[in-house]
Every structure is written in C-alpha cells, then in structure tokens.
Amino acid sequence: MYNMHTDDEKVKKLVEQLRTFHQNLADPQILKEINQSLGSKSFNSFIEYYQKNPNLLTQTMNDVHRLKFKVITVTKEELKENSSIYDYINNTSNHLMWRLSNQSVFAQLLLELMDKFMNPELSISVLNIHSEMCVDFGKASPELIANIEFLVSTVSDETGTPLHLAHFLGNLVINLDEKKISQKFQTPKLKLVFDEQWISVAKMLVSMNRTDSLQAQKNTGSEFWTLDFARESLTTIISGPELFVNAIGNGLERAKKAVV
C-alpha cells in the first residue's frame with residue numbers, strides 16, 4: 001500500500017524516469033540504432049532456422065485465421081478467404097515460404113525493442129497487437145511482405161490496466177531467390193500522457209515494490225531476451241492483458257534463477 005509520507009520521493013523519482021523513458025521512445029538516434037542492428041542481420045543466419053524446422057508449416061496454418069493474411073498466386077490471383085488460402089498451402093506445402101509465413105518471422109524485430117526498452121523497474125511491456133502477411137508468388141521471385149504493430153506499455157492505476165506509451169510499426173520483406181531480407185521500424189507514434197497518469201503509475205510501482213523486487217532482473221542485463229523467447233511470445237495464442245502479466249512473471253522467474 002502507498003505511504004504518502006515515506007514514498008513521495010520515490011514517486012517523484014519514478015515520474016522523472018517514466019517521462020525520460022517516454023521521450024526516449026521517440027529518440028531518432030535510438031530508432032537509427034535499432035534499424036542499423038536489424039539491417040546487419042544476414043539472410044543466411046535468418047533462413048537457417050526455417051530450413052531446419054519443417055514443423056513451422058503448422059504454425060503458418062494456425063496463423064492464417066489469426067492474422068490479416070493474403071496470398072498472391074503464380075497466376076496473380078489474390079486469395080483472402082481462409083479456405084482458399086488453406087487449399088493453396090496444401091497444394092504447395094513443400095515450398096520453404098510456408099515455413100516463414102507466420103509470426104515467428106517478427107522475432108528479431110521484437111527482440112530489438114525488448115533489448116532497448118524492456119525495463120522491469122518501470123514494468124514496461126512490449127506487446128504485439130496487429131500482424132499482417134502477404135505471400136506473393138506472382139513475382140519472378142517469391143516474396144513475403146509482412147507488417148507488425150507493437151504496443152509499449154506500463155502499468156496504470158490499482159486495477160493494473162496498462163498505460164499505453166507508444167506504437168511501433170515494423171516492416172519485413174523476404175525474397176527467397178534473391179536471398180534478401182529487409183527489417184526496419186517506422187518512426188513510432190507516441191501516446192499523450194498527462195501528469196496525473198505519470199503520478200498514478202509511479203504510485204502503483206511504489207505500492208507494488210517493483211523498484212526493489214525487479215532490480216535483480218534489471219541487473220542481469222538483456223541475456224534473457226533471446227530469439228527463441230521472442231518467437232515463443234509471438235506464436236503463443238494469448239490475450240494482451242495475460243501476456244502483459246505473464247511477461248512480468250516470467251521475467252521474475254528468470255531473474256530468480258539467475259541469482260540463485
């Protein structure tokens with residue numbers, strides 16, 4: 001429970017940290033660093049995971065009805081109905097493209113955001129809120145064009161409802177024959193946050209003792225945020241609020257194991 005007399009200084013400090021964090025979300029230098037890191041990833045290292053995991057075809061089949069999904073056939077016909085897409089996948093199931101065409105391809109994008117912005121002390125969460133795929137066989141070389149939207153949030157009032165801070169839109173293009181991959185983020189869209197909201201968040205953080213109980217995780221660095229962790233987060237069917245809670249809980253368990 002919040003103690004007005006002993007916790008005011010903690011609240012003031014957290015409010016400043018939250019405001020600085022919010023400003024950093026829109027820092028063009030940070031965005032440049034993220035996109036440079038994404039641009040340095042090689043096609044061969046990316047594609048190896050998919051070459052070794054034929055079971056990812058099943059993940060694609062599951063994602064057809066979860067995402068905004070479109071297929072352009074070799075005859076340039078557009079397929080948007082799930083039944084038509086399933087039939088086309090079944091008829092061309094040996095193509096490597098179908099192992100790629102699911103949310104696991106966004107793992108590196110998520111990992112970059114987590115490395116830069118996941119802050120347990122401030123209960124920061126990065127959630128996928130929208131994804132879409134276009135699998136294009138109508139081009140001379142098959143291509144996957146995919147977009148994903150991430151929401152960066154923290155806790156809010158005593159209900160624990162997340163306070164949304166920013167939206168990040170990520171773009172990914174993979175060309176198999178040309179062996180090319182492009183991954184990048186657009187300029188994020190910051191949400192307007194009022195002073196009373198920052199204070200409410202800070203009081204909540206103090207009341208939950210997060211600045212102390214999550215310090216161990218903060219000190220362990222970003223080694224817990226791996227591609228496998230990101231892939232699992234993206235391909236698990238779970239609601240936004242549940243994922244927000246589980247992300248914090250999983251992080252605590254990982255931190256405890258690290259310091260034991």
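Tutor: Let's start with Ser123, which sits in the loop between α7 and β3 (125-136). Helices (H or I, at least four residues) and strands (E, at least two) are DSSP runs, numbered from the N terminus. This is a predicted model, where local features need pLDDT of at least 70, side-chain atom pairs count only at pLDDT 80 or more, and totals for chains, interfaces and linings use all residues. Residues are numbered from 1 along each chain as its sequence is written, and side-chain values use heavy atoms, leaving out hydrogens and water.

Student: Why is Ser123 called buried?

Tutor: Buried means under 20% relative accessible area, exposed over 50%, partly exposed in between (1.4 Å probe, protein chains only). Ser123 has 1%, so Ser123 is buried.

Student: What makes Ser153 count as buried?

Tutor: Ser153, in strand β4 (residues 143-154), has 0% relative accessibility, so Ser153 counts as buried.

Student: How do you know that the side chains of Ser153 and His164 are joined by a polar contact?

Tutor: A polar contact is a pair of N or O atoms within 3.5 Å; within protein, one must be able to donate a hydrogen and the other to accept it, and residues adjacent in sequence count only if both atoms are side-chain atoms. The side chains of Ser153 and His164 are joined at 3.1 Å, so the pair is a polar contact.

Student: Which residues of α8 are buried?

Tutor: In helix α8 (residues 195-207), the buried ones are Trp198, Val201, Ala202, Met204, Leu205 and Val206.

How values were computed. The expected span of a helix is 1.5 Å times one less than its number of residues.
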